[in-house]
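Good morning, and thank you for coming. Please take a moment to look at the model that I shall discuss today.

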Amino acid sequence: MSHVWESALTDVDKIVIEKGGYGKRRGLGKKPVFMIIDAQYNYIGADEPIEEQLEQWPSGGGSSAWAGIRKIKELKEYVQKVGIPVIYTRNVQKKTIAFDSFGLKAARDNSKYIDGRPETQIVEELKPDAQDIVVDKSYASAFFGTPLISYLIKLGVDSIIIVGGSTSGCVRATAVDAVTHNFNVAVIEDCVFDRIQLSHQAGLLDLWMKYCDVINTEEVKTYLQNLQYKEVY
């Protein structure tokens, strides 16, 4: 499998990766959960080139984000057939103050990010089902200041399949924290997205080198197929 970051590597980078032994496959376990990170209107935006939708959606990913949403929807349908639990995250503010690092670093109207605003809702195309879990967070990692770890322990989860956005922000932070908590993690390359292509490439490279597996939709489907004939949950 080729990866999106490969074209950005220098010859020296390739030597460092090879000689350092980076990117070894970690693998997934027997009880995974499917986690969709921040698939909200604020962060997805309009299905247009990113530069054309920034006036309305300053933190929206535009057409590349929507391409990811369509892939996530397809994969979620497959996940549901296998019977894997689905967890969503929403990045929202509970008060009219930019208390998260992203809000403090971005010059924007933060009122659109207050919980209850329509912009904070998950896009209709990926609307959670009744049995899905939704975790609200205020920082990049889904683990920080949330009950997520309790849910994962209750479910007996050993692996987390991560999709959503942004690659270099909330996806990366959640994946690193998940590995820190000793979960096996796979980030699905064609189901994650970012506003800046360089950030997308670097975020995935860093995760692949040091923290978790970075695989595509077909690879994760093959993994899930092997679980279909077992009593997973």
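I begin with I122, which sits in the loop between helix 4 (101-105) and strand 3 (133-137). Helices (H or I, at least four residues) and strands (E, at least two) are DSSP runs, numbered from the N terminus. The model is predicted, so local features need pLDDT of at least 70 and side-chain atom pairs count only at pLDDT 80 or more, while totals for chains, interfaces and linings use all residues. Residues are numbered from 1 along each chain as its sequence is written, and side-chain values use heavy atoms, with hydrogens and water left out.

Is I122 buried or exposed? I122 is buried, because its relative accessible area is 11%; buried means under 20% relative accessible area, exposed over 50%, and partly exposed in between, with a 1.4 Å probe and protein chains only. Leaving aside neighbours within four places in sequence, I122 is in contact (heavy atoms within 4.5 Å) with A39, Q40, Y41, Y88, R90 and P128. V134 is 12 residues from I122 along the chain, and their C-alpha atoms are separated by 9.9 Å.

Let us turn to the interior. A nonpolar core is a set of buried Ala, Val, Leu, Ile, Met, Phe, Trp, Tyr and Cys residues joined through side-chain atoms within 4.5 Å. The largest such core has 32 residues, and L148, L152, I160, I162, V185 and V187 touch the most other members. At least two residues of this core come from each of strand 1 (32-37), helix 5 (148-155), strand 4 (159-165), helix 6 (167-180), strand 5 (184-193) and helix 7 (197-210). Which of them gives the most to this core? Helix 6 does, with six residues. L152, for its part, touches V33, I87, F143, V157, I160 and F183, not counting residues up to four places away in sequence. There is also a second, separate core of 29 residues, which includes A39, I44, V82 and I188.

Helix 3 (residues 63-82) has 20 residues, which should span 28 Å at 1.5 Å a residue; its end C-alpha atoms are 29 Å apart, which agrees. The expected span is 1.5 Å times one less than the number of residues in the helix. Among the buried residues of helix 3 are W66, I69, I72 and V79. The buried residues of helix 3 pack against strand 1, helix 2, strand 2 (86-91), strand 4, strand 5 and helix 8 (217-225). After helix 3 comes G83, whose phi is positive, near 90°.

Helix 7, with 14 residues, reaches 20 Å from its first C-alpha to its last, close to the 20 Å expected. Its buried residues include H200, L204 and W208, and the buried residues of helix 7 pack against helix 1, helix 6, strand 5 and strand 6 (213-215).

Finally, some points of backbone geometry. D38, in the loop between strand 1 and helix 2 (41-44), has a positive phi near 50° although D38 is not glycine. D38 counts as buried because its relative accessibility is 2%. N182 lies in the loop between helix 6 and strand 5, and its phi is also positive, near 70°. N182, however, counts as exposed, at 66% relative accessibility. Lastly, G165 and S166 are joined by a cis peptide bond, with omega about -10°; S166 belongs to the loop between strand 4 and helix 6.

Thank you for your attention.
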